[in-house]
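Subject: Handover of a structure and a summary of its features

Dear colleague,

Please find below the structure that I am handing over to you. I would be grateful if you kept it open while reading the notes that come after it.

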Amino acid sequence: MSKTFKLQVVAPDSPAIMEEVTSVILPGGAGEFGVLTHHMPLISTLKPGTLEVTTNGVKEFYFIAGGYVEVNTTSVIVLAEEYEKSDKIDVERSRLSKKQAEEKLASKAEGISVQKEKHALDRNNARLQTVEKAKAYKK
């Protein structure tokens, strides 16, 4: 029985990832969940968070902006709004975007889309958390 399965990650503006992996941890809409080979089939929403991929004991971390995942016994297919590998994340830009979203939400100015700014805040928090998880793993 194989201990690996196929992972596919697809996003509109990024090249697809297709590789054999031993496990993934995903930011599901109802909370994080892990997948190993021969997992029971499911479909879930994804919220902004970290996709943790393990291959032969080596972990890689990706920011996922949200989307959907289909899990079956031999593969996981992630349809992401956007994804980015942890070492490609511009930390300063994420901090600045997070600060701007916080300021806009705090100002309660007329014409501000609260939903849009909360989404921007969630995405930038998730980006920064992804970088921190990757740094903690490398220690």
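The notes below describe the strands, the cores, an aromatic pair and the helices in turn.

This is a predicted model, in which local features need pLDDT of at least 70 and side-chain atom pairs count only at pLDDT 80 or more, while totals for chains, interfaces and linings use all residues. Residues are numbered from 1 along each chain as its sequence is written, and side-chain values use heavy atoms, with hydrogens and water left out.

The strands

Helices (H or I, at least four residues) and strands (E, at least two) are DSSP runs, numbered from the N terminus. Two strands pair if DSSP finds at least two bridges between them.

Strand S1 has two partners described here. S1 and S2 run antiparallel and are joined by six bridges, and they form a hairpin with two residues between them. Within this pairing, Phe5 has Val21 of S2 as its bridge partner. S1 also runs parallel to S9, with five bridges joining the two; here Lys6 stands opposite Ser75 in S9.

With S6 it runs antiparallel over seven bridges, and Thr55 stands opposite Val58 in S7. S6 and S7 form a hairpin with two residues between them, and Asn56 in the turn has a positive phi of about 50 degrees. S7 also pairs with strand S10 (residues 83–85) in the antiparallel sense, over three bridges. Tyr62 has Lys85 in S10 as its bridge partner.

The cores

A residue is called buried under 20% relative accessible area, exposed over 50% and partly exposed in between (1.4 Å probe, protein chains only). A nonpolar core is a set of buried Ala, Val, Leu, Ile, Met, Phe, Trp, Tyr and Cys residues joined through side-chain atoms within 4.5 Å.

Which residues have the most contacts inside the largest nonpolar core? They are Val24, Leu26, Val76 and Val78, in a core of 21 residues. At least two residues of this core come from each of the strands S1 (5–11), S2 (14–21), S3 (23–28), S4 (31–36), S6 (49–55), S7 (58–64), S8 (67–71) and S9 (75–80). S1 gives the most to this core, with four residues. Five of the seven residues of S1 are buried, so this strand is largely enclosed by the rest of the structure.

Contact means heavy atoms within 4.5 Å. Not counting residues up to four places away in sequence, Val76 touches Phe5, Lys6, Leu7, Gln8, Val24, Val35, Val69, Glu70 and Val71. There is also a second, separate core of five residues, including Phe63, Ala65, Ile89 and Val131.

An aromatic pair

Rings of Phe, Tyr and Trp (its six-membered ring) pair if their centres lie within 6.5 Å; planes under 30 degrees apart count as stacked, over 60 as edge-to-face and the rest as tilted. The structure holds two aromatic pairs. One of them is formed by Tyr62 and Tyr83, which are edge-to-face at 6.2 Å centre to centre, with 65 degrees between the planes. Tyr62 lies in strand S7 and Tyr83 in strand S10, so the pair ties together parts that are 21 residues apart in sequence. Both Tyr62 and Tyr83 are buried.

The helices

The expected span of a helix is 1.5 Å times one less than its number of residues. For the 17 residues of helix H1 (residues 91–107) this should give 24 Å, and the end C-alpha atoms are 24 Å apart, which agrees. At the start of H1, a side-chain oxygen of Asp90 reaches to within 3.3 Å of the backbone nitrogen of Glu92. A polar contact is a pair of N or O atoms within 3.5 Å; within protein, one must be able to donate a hydrogen and the other to accept it, and residues adjacent in sequence count only if both atoms are side-chain atoms. Just after H1, Lys108 takes a positive phi of about 50 degrees.

Leaving aside neighbours within four places in sequence, Ser94 is in contact with Ile89, Asn124, Arg127 and Leu128. Lys99 is also placed in helix H1, but counts as partly exposed at 47% relative accessibility.

Glu117 is found in helix H2 (residues 114–138) and is buried, with a relative accessible area of 9%.

Yours sincerely
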